[in-house]
Amino acid sequence: MKANILLNVEVVSQKNGRRHGLVKSLVVVDHVVKYLVINPGGIFSKAQFFKPENIIDVNYKRLIIENEKVIIKTKGKKVKTYLDEAFPLMDYPVVDKNKEAFGHVVNATIEEQTFAITEYEISRSFFDDIDHGFAIIPASDLIYKDQVLYYEKEMFDLAFKKQGTGIANKLLGVR
């Protein structure tokens, strides 16, 4: 499944139909989705998140969990104990082996049973995305440290797989 399916969907309890808010972010540790963060709305609301194992069903409109007991609610100061060594998935910077920033994460492929990320989709630049599409990098080629994802090769390494073709090729037939 693609990570973007899990974002901006409404979280609903199966047991009583209660709505809890929208999934705002995916928290990743060692290329595995550990938590989904809920934005319940409101200024004084506590941080809310839950483990992906608690998902019963998901589509583009809503994500169903068994009941509200699986949601972890905590104050901002205690969030760090849950999310230590974690990073939010989308828009995360990617740097090559020469420490040159060359893109950011726009999506990822997640295994449905283990919630492990197998590959990341990287946007290199607006014009490059239009011409060639997103770069797809296997998770095994990226290392998380110092709040950055490091690609073990150079940014111009042509070993990137392309996601089909760019927008220009798909819509306009430009070569």
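**View 1. F102 and Y151 are both buried.** Buried denotes under 20% relative accessible area, exposed over 50%, and partly exposed in between, with a 1.4 Å probe and protein chains only. The model is predicted: local features need pLDDT of at least 70, side-chain atom pairs count only at pLDDT 80 or more, and totals for chains, interfaces and linings use all residues. Residues are numbered from 1 along each chain as its sequence is written, and side-chain values use heavy atoms, with hydrogens and water left out.

**View 2. Three aromatic pairs are found in a search of the whole structure.** Rings of Phe, Tyr and Trp (its six-membered ring) pair if their centres lie within 6.5 Å; planes under 30 degrees apart count as stacked, over 60 as edge-to-face and the rest as tilted. One of the pairs joins Y92 and Y144, with centres 6.0 Å apart and planes at 50 degrees, so this pair is tilted. Strands (E, at least two residues) are DSSP runs numbered from the N terminus, as are helices (H or I, at least four). Y92 is buried at 8% relative accessible area, whereas Y144 is partly exposed at 22%.

**View 3. F102 and Y151 form a tilted aromatic pair.** Their centres are 6.0 Å apart, with 55 degrees between the planes. F102 belongs to strand β10 (residues 101–110) and Y151 to strand β14 (residues 148–151), so the pair ties together parts 49 residues apart in sequence.

**View 4. Q48 is located in strand β4 (residues 47–50).** Its relative accessibility is 10%, so Q48 counts as buried. Beyond neighbours within four places in sequence, Q48 has contacts (heavy atoms within 4.5 Å) that include H20, L36 and I71.
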